[in-house]
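Subject: Structure handover

Hello,

I am passing this structure on to you. Please open it next to this note, then read on for what turned up.

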Amino acid sequence: MRKTIVAGNWKMNASKESVKTLIEGILSGMNGVSSEVIVCAPFPYLSQVETLISNTSLMLGAQNLNVNTKGAFTGEVSPDMIKDFGAQHVIVGHSERRSLYGESITIVAEKTKAAIDAGLIPLLCVGESLEERDSGNTEVVVAEQLNAVINLLGIEAFEGIIIAYEPVWAIGTGLTASPEQAQAVHLFIRGLLADSSESIAQKTPILYGGSMNAGNAAELISCSDIDGGLIGGAALKAEDFLQICKAG
Ligand code: PGA
């Protein structure tokens, strides 16, 4: 039985004050939450969140990392720095990084490796654009994104990877994949992993992301291959986020 995981991706939205209010709000409503809950904060706030969530069940993640361990990479953040602030997770290959910052499937695979090498759990995002879906290429695109990681790291690496299926057309748009659409792709992803290892496929958590909110989370998470959510906009309000956490 896979555990439900709900991860908040705050993106570039935070201030010291809003972080304090949000984390305190989440912590005050965690009674009755059986999902694993992760918050992925912008780098400058990792330290603040680390302190606020110490001795609680909340877990911390970052939103990006550099593939190198240290050195002359001005402005970059290494996997070990992220670990140093108590994070166990890091988002890798979010569609905003792929499209706005030119992260290729090769770079995403290398970042996945760098995260695992440092002992972090990557939240590996995959997903198709609207154009790719409309032209019937969803499975081709998702397979290409996943195969780049499988080819570099081997299927065993997925023992320590969380996958997030995030259709690009549903991210931040208010358009959500229907439970049927999402489940179909999740099943495809699990089948792709099963081609290499049935047992790893059964164990790997596959989260849905893309305008998941308090109103649609329960129906999505009830699908047999949807193991939770990666939440953007709705992760910024404690009340909404908690409702999603309770949907699992
Ligand atoms: P959204 O973002 O929930 O605002 O659509 C999800 C994500 O980008 O991870």
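Which residues point one way from strand β7 (residues 206-209), and which point the other way? I206 and Y208 take one side. L207 and G209 take the other. All of them are buried. In a regular strand, side chains alternate between the two faces of the sheet.

Bear in mind that this is a predicted model.

The barrel

Strand β7 belongs to a closed barrel of eight strands. The order is β1-β2-β3-β4-β5-β6-β7-β8, and the pairing is parallel. From one strand to the next, the twist averages 25°.

Start with the neighbours of β7. Strand β6 (residues 162-165) runs parallel to β7, and three bridges join them. There, Y165 sits opposite Y208. On the β8 side, β7 pairs in the parallel sense over two bridges.

Now strands β1 and β2. Strand β1 (residues 5-9) and strand β2 (residues 36-40) are parallel, with five bridges between them. I5 faces E36 of β2 across this pairing. Helix α11 (residues 238-246) packs on the sheet. Helix α11 touches β1, β2 and β8 (228-231). The direction of α11 makes about 155° with that of β1.

Helices α1 and α2

Next, a helix pair. The axes of helix α1 (residues 16-28) and helix α2 (residues 46-53) come within 10 Å. They cross at roughly 30°. Angles under 35 degrees count as roughly parallel, so α1 and α2 are roughly parallel to each other. The crossing of α1 past α2 is right-handed.

Which residues make the contact? From α1 come K16, V19, K20, I23, E24 and L27. From α2 come Q48, V49, L52 and I53. By type, the residues of this contact split into six nonpolar, one polar and three charged.

Residue S95

One last residue to look at. S95 lies in helix α4 (residues 95-100). Is S95 buried or exposed? Its relative accessibility is 13%. The cut-off for buried is under 20%, so S95 counts as buried. Neighbours within four places in sequence aside, S95 is in contact with L100, V168 and I171.

Best wishes

Definitions and conventions. Residues numbered from 1 in each chain as written. Predicted model: local features only at pLDDT ≥ 70, side-chain atom pairs only at ≥ 80, totals over all residues. Heavy atoms only, no water. Helix = DSSP H or I, 4+ residues; strand = E, 2+ residues; numbered from the N terminus. Buried < 20%, exposed > 50% of the residue type's maximum accessible area, 1.4 Å probe, protein only. Contact = heavy atoms within 4.5 Å. Axes fitted to C-alpha atoms, helices over the stretch in contact; angles between N-to-C directions. Parallel < 35°, antiparallel > 145°, perpendicular 65-115°, else oblique. Left-handed = near helix turned anticlockwise from the far one by under 90°. Nonpolar A, V, L, I, M, F, W, Y, C, P; charged D, E, K, R; others polar. Pairing = 2+ DSSP bridges.
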